[in-house]
Amino acid sequence: AHCLWLAYLFGDLDQAEQMLEKTRNFSAVVPAKFEVITHTFYSCLTGIALLQKTKKKKWKKYAKKDIKGMVKWAEESPVNCSHKLLLLQAEMAALKGWKSSARKLFDSAVESASKSGFINEEALSYERAAIFFSRNGDGPSASRYFARAMLFMYTGEQQQRLIGSTKNFLQWLSQHGEGKASKYSSEEESDRKYDKSKFSGKSSLAFITPM
């Protein structure tokens with residue numbers, strides 16, 4: 001399972017796909033619930049990334065199943081799971097093109113992870129938000145969020161992640177420069193179609209407003 005997490009974090013989707021296929025029944029053989037929750041989190045992130053890359057329906061099926069499980073866990077243990085759910089929902093909103101909603105969800109994921117003390121996942125949320133902004137031409141936000149992600153990745157085991165995050169930022173900067181900013185005013189019409197129940201069920205966690 002740890003190989004899946006590392007493959008995703010370092011952007012090796014081919015390896016992550018192999019690990020995901022091998023560990024789909026992880027919850028059936030590992031009794032520790034926290035391990036199952038963390039595995040489900042990275043399983044879903046990997047599935048969403050593979051759905052974006054391959055457009056294969058099976059990854060959408062896997063992601064929806066994982067999010068459904070995370071909704072339940074977030075209701076049972078919000079401190080441990082709320083930020084995870086918010087990040088998954090942000091990624092799905094971004095995949096669907098709901099930019100304004102994705103932006104709010106990424107910010108909520110960062111805020112929730114910070115309040116709960118999950119530093120690694122706060123950094124991950126910043127990095128994923130930065131990638132989202134860069135893909136949508138928002139240079140100032142991408143630069144700001146990449147910088148915040150790197151602040152969490154400067155010691156010990158995080159040094160290699162810092163290198164990876166820095167490469168992501170420099171690659172984006174070389175392609176886009178710092179001057180482009182996205183226009184969010186035109187996104188409101190698209191977001192009217194955003195169905196909260198698709199990703200959050202009866203939970204209101206996806207719509208926590210960051211302070």
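Biologist: In what order do the elements of the protein run from the N terminus on?

Modeller: They run α-α-α-α-α-α-α-α-α-α-α-α. Helices (H or I, at least four residues) and strands (E, at least two) are DSSP runs, numbered from the N terminus. Here the count is twelve helices and zero strands. This is a predicted model, in which local features need pLDDT of at least 70 and side-chain atom pairs count only at pLDDT 80 or more, while totals for chains, interfaces and linings use all residues. Residues are numbered from 1 along each chain as its sequence is written, and side-chain values use heavy atoms, without hydrogens and water.

Biologist: What percentage of the residues in the protein is buried?

Modeller: Buried means under 20% relative accessible area, exposed over 50%, and partly exposed in between (1.4 Å probe, protein chains only). Of the 211 residues, 47% are buried.

Biologist: How much of the contact set comes from residues 24 or more positions apart?

Modeller: A contact is a pair with heavy atoms within 4.5 Å. Among contacts with a separation of 6 or more, 66% join residues 24 or more positions apart.

Biologist: How many salt bridges does a search of the whole structure find?

Modeller: Side chains of opposite charge can pair when their charged atoms come close. The criterion is a side-chain nitrogen of Lys or Arg within 4 Å of a carboxyl oxygen of Asp or Glu. The search finds seven. One of them joins Lys53 and Asp14 at 3.3 Å, N to O. That pair links distant parts of the chain, with Lys53 in helix H4 (residues 33-54) and Asp14 in helix H2 (residues 13-22), 39 residues apart. Asp14 has a relative accessible area of 47%, so it is partly exposed.

Biologist: Which side chain does Glu76 meet in a salt bridge?

Modeller: Glu76 meets Lys33, at 2.8 Å from N to O. Because Glu76 lies in helix H5 and Lys33 in helix H4, the pair ties together parts 43 residues apart in sequence. Glu76 is partly exposed at 47%, and Lys33 is partly exposed at 44%.

Biologist: Are Glu91 and Arg128 buried or exposed?

Modeller: Both are buried. Their side chains form a salt bridge at 2.6 Å, N to O. Glu91 sits in helix H6 and Arg128 in helix H8 (residues 119-135), so the pair ties together parts 37 residues apart in sequence. Glu91 counts as buried because its relative accessibility is 7%.

Biologist: What else is Glu91 in contact with, leaving aside its neighbours within four places in sequence?

Modeller: Besides Arg128, Glu91 contacts Tyr8, Leu45, Ile48 and Phe106. Phe106 is 15 residues from Glu91 in sequence, and the C-alpha to C-alpha distance is 8.1 Å.
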